[in-house]
Amino acid sequence: MVQATPLLLVLFLALGAHGLQATQQCKLTGQWKNDLGSNMTIDEVKENGDFTGKYLTSVSASPGEIKESPLVGSQRLPYWSQPTFGFTVHWNFTDTITVFTGQCFVDANGKEVLKTMWLLRSHVRSRTDDWKATL
């Protein structure tokens with residue numbers, strides 16, 4: 001049995017390494033650009049899944065100058081190869097906040113892609129205007 005142990009270990013390592021190559025992990029950390037030209041940078045994802053970063057949108061209905069804005073978020077743990085996540089952007093140039101939720105995917109060519117949905121909430125002066133505050 002002692003001679004079989006190294007063979008089993010080598011076989012396990014070979015099969016395990018092959019399996020790791022087939023499952024690529026999608027990392028949120030880094031720079032991202034969407035189809036409209038907005039840029040997002042996600043700093044380190046902490047052990048508990050929390051992260052921070054910044055977002056520079058290329059699209060705005062605000063008359064003010066667009067400014068880079070902070071984001072704070074969380075990734076679902078335990079870390080899966082294609083994790084789900086959510087984050088909030090507090091816009092520095094308008095009275096709105098946007099929440100995003102999505103998942104990080106790795107396509108067949110190994111490219112990482114974030115697929116998200118968002119809700120943008122604007123400030124309104126009264127409850128009667130609540131109906132037009134969320135996009």
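**Fold, pocket and contacts**

Author: The secondary structure of the chain comes to one helix and seven strands. The model is a predicted one.

Reader: What percentage of the residues counts as buried?
Author: Buried means under 20% relative accessible area. The chain has 135 residues. The share of them that counts as buried is 24%.

Reader: Among contacts between residues at least 6 apart in sequence, what share joins residues at least 24 apart?
Author: A contact needs heavy atoms within 4.5 Å. Take the contacts in the chain between residues at least 6 apart in sequence. The share that joins residues at least 24 apart is 31%.

Reader: Now the largest pocket. Which residues lie nearest its centre?
Author: The space in this pocket is about 1100 Å³. Its lining has 32 residues. Nearest the centre lie Asn 34, Ser 38, Tyr 55, Phe 100 and Trp 118.

Reader: Which strand gives the largest share of the lining of the largest pocket?
Author: Strands S1 (30-33), S6 (96-106) and S7 (112-122) each supply at least two residues of that lining. The largest share is eight residues. It comes from S7.

Reader: How many charged residues are in the lining of the largest pocket?
Author: By class, the lining has 16 nonpolar and ten polar residues. The number of charged residues is six.

Reader: On to charge pairs. How many salt bridges are there?
Author: Side chains of opposite charge can pair when their charged atoms come close. The rule used here asks for a side-chain nitrogen of Lys or Arg within 4 Å of a carboxyl oxygen of Asp or Glu. By this rule the count is two.

Reader: What is the N to O distance between Arg 121 and Asp 130?
Author: Arg 121 is partly exposed, at 36% relative accessibility. Asp 130 is also partly exposed, with a relative accessible area of 36%. Their side chains meet in a salt bridge. The N to O distance is 2.6 Å.

Reader: Which residue forms a salt bridge with Lys 132?
Author: Lys 132 is partly exposed, with 46% relative accessible area. In its salt bridge the closest N and O atoms are 4.0 Å apart.

Reader: Is Thr 41 buried or exposed?
Author: Thr 41 is found in strand S2 (residues 39-42). Leaving out residues up to four places away in sequence, Thr 41 touches Gly 30, Gln 31, Thr 52, Gly 53, Lys 54 and Leu 71. The cut-off for buried is under 20% relative accessible area. Thr 41 has 18% relative accessibility, so it counts as buried.

Reader: How far apart are the C-alpha atoms of Asn 39 and Glu 68?
Author: Asn 39 is in strand S2. Asn 39 is partly exposed, at 34% relative accessible area. Along the chain, Asn 39 and Glu 68 are 29 residues apart. The C-alpha atoms are separated by 9.1 Å.

Reader: Where in the chain is Pro 70, and how far is its C-alpha from that of Lys 54?
Author: Pro 70 sits in strand S4 (residues 69-75). At 40% relative accessibility, Pro 70 is partly exposed. Its contacts beyond four places in sequence include Gly 53, Lys 54 and Thr 88. Pro 70 and Lys 54 are 16 residues apart in sequence, and C-alpha to C-alpha the distance is 4.4 Å.

Reader: Last one: is Leu 135 buried or exposed?
Author: Leu 135 is found in the segment after S7. Beyond four places in sequence, Leu 135 is in contact with Trp 118, Leu 119 and Leu 120. The cut-off for exposed is over 50% relative accessible area. Leu 135 is at 60%, so it counts as exposed.

How values were computed: Residues numbered from 1 in each chain as written. Predicted model: local features only at pLDDT ≥ 70, side-chain atom pairs only at ≥ 80, totals over all residues. Heavy atoms only, no water. Buried < 20%, exposed > 50% of the residue type's maximum accessible area, 1.4 Å probe, protein only. Helix = DSSP H or I, 4+ residues; strand = E, 2+ residues; numbered from the N terminus. 1 Å grid on protein atoms, 1.4 Å probe; cavity = no way out; pocket = protein on both sides within 12 Å on 5 of 7 lines; lining within 4 Å. Points joined across faces, edges and corners; volume = space filled by probe spheres on them. Nonpolar A, V, L, I, M, F, W, Y, C, P; charged D, E, K, R; others polar.
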